[in-house]
Amino acid sequence: MQHDLVLILDFGSQYTQLIARRIREQGVYCEIRPCTDRPGDLARSQDAHGVPWSLDQRLKGLVLSGGPSSVYDDDAPPFDPAWLDLDVPVLGICYGMQLLAQQAGGQVMGASHREYGHADLQVTAGSPLFAGITPRTAVWMSHGDHVATPPTGWQVLAQSANCPVAAMGRADGRRFGIQFHPEVTHTSEGTRLLRNFLFEVCQARADWSMGSFVAEQVDRVRAQVGDGHVICGLSGGVDSAVTAALLHQALGPQLHCIFVDNGVLRKGERDGVAAEFAELDLVVVDARERFLSALAGVTDPERKRKIIGETFIRVFEEEARRIEARPDVGGRIRWLAQGTLYPDVIESVSFRGPSATIKSHHNVGGLPERMDMQLIEPLRELFKDEVRALGAELGMSPARIWRQPFPGPGLAVRVLGEVTAERVAVLQEADAIVTSEVAAAAAHDPAIADIWQAFAVLLPIRSVGVMGDNRTYEQTCVVRAVHSSDGMTAKIARLPWELLERLSTRIINEVRGINRVCYDISSKPPATIEWE
């Protein structure tokens, strides 16, 4: 299907994927392309679904993302001005606004101080972009440079105390620049602004949904695989479970799921997954000793992730050889499916543009260069909330869909320092207490029920304590709980003191090896949700 399309050019902002998410929430299909792309090249290529590009028919709008650079930097991200020759509306956000101003002859200047965080925006002129938005509204700023003078033929639309040109628009109502970020939840009317751009300015159709995504991905996977067979790494989390369900609908008996016990799972995980997914031709592999031996002595989190990523691949390759020897398969398995999501990709590698690498996810930046199988990643363009919507579309149970995220490298990135079987066992017990107590509290408190993740972290720090009149010198446990909608940003969860006290008391009393419990009150950004 030829969906209406809004294209985002990525200039390196960590929020670029949030722009895509907000647009797709409105039912408008969008894709992110690196700023190095040129419209001529794109017109001769295919989109993420293998459909040849037809810019004249499909493209309804262009968004220029933010980014960490200055338009005056010698190494500023490249940009082909031919994009601005296309007859489509353009919205520049932050760096994208400054780029629009520079390209049209306006003046961009370095700010006397960087503006980061909450700001009050005053709308000073009417325009379709601000239709229905209150004259004074809260926005989120994150910039150094700013537009000092709009280009000729452009009008100032809004300003803030530290930004005299916080929004500008061209007289024909087809191009706009905004210095703030409408895609983040801190901008109170950001969704309304994006809807105005999509439907009032671009006249785009809301013709993209999870239902259409399922049909398109099923057709795409069938065309890609043909009569071959696929193995799927099934961890039991929502990402891999939805991947397996989607591929099962597309391939049926051509799909073979593998669950790997890597020794860094949650307590009881192996038995639970084996029971729940038995109908998917599930193979359970005990690789605990192999993973823990590979991690012995390793403390650097990047090395942990890469070791786990490569070890997973080697295990999958070996199991694929065993499965393909079965008479019902009778041929080499060349495909490996995994539940890679957009946040995994953007934090691991700069695959779209000049975005900074935050950490290598085991299933992206942690993958080995040499692989015997090709990847199938049907969720690679989706955010977590979209994956959950997809799971509902596929008829999966709410308990599975709304399960809290669990990192692919498992407890290896929650055991800070060296990962050993003994330290993992300590954390498993502490984490089980956190999980059960938060779940029990959630039944009576909607705010707790809305928690995105709640878990325990084991620090490589020992401190003195007193238990039973005896001196102890044991490890420290940190409890982490956050609210989020997509994993790209997160706020701390304000757990009640009674719950925190109960967690601390139970962990110290019941888990041998821990004598101190702390609570993490860091948001993302600047911290990440996981500690490693």
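Tutor: Helices (H or I, at least four residues) and strands (E, at least two) are DSSP runs, numbered from the N terminus. This is a predicted model, in which local features need pLDDT of at least 70, side-chain atom pairs count only at pLDDT 80 or more, and totals for chains, interfaces and linings use all residues. Residues are numbered from 1 along each chain as its sequence is written, and side-chain values use heavy atoms, with hydrogens and water left out.

Student: How many helices and strands are there in the protein chain?

Tutor: Counting the DSSP runs as just defined, the protein chain holds 16 helices and 18 strands.
The radius of gyration (taken over C-alpha atoms) is 25 Å, close to the 24 Å of the globule rule (2.2 Å times the number of residues to the power 0.38) for 532 residues, so the chain is as compact as a globular protein of that length.
The numbers asked for are therefore 16 helices and 18 strands.

Student: Is F312 buried or exposed?

Tutor: Residue F312 lies in helix α10, which covers residues 301-324. Buried means under 20% relative accessible area, exposed over 50%, and partly exposed in between (1.4 Å probe, protein chains only). Because F312 has a relative accessible area of 12%, F312 is buried.

Student: What separates the C-alpha atoms of F312 and P135?

Tutor: Along the chain, F312 and P135 are 177 residues apart. Between their C-alpha atoms, the separation is 54 Å.

Student: What percentage of the residues of the protein chain count as buried?

Tutor: The C-alpha trace of the protein chain spans about 75 × 65 × 45 Å along its principal axes. Of its 532 residues, the share that counts as buried is 58%.
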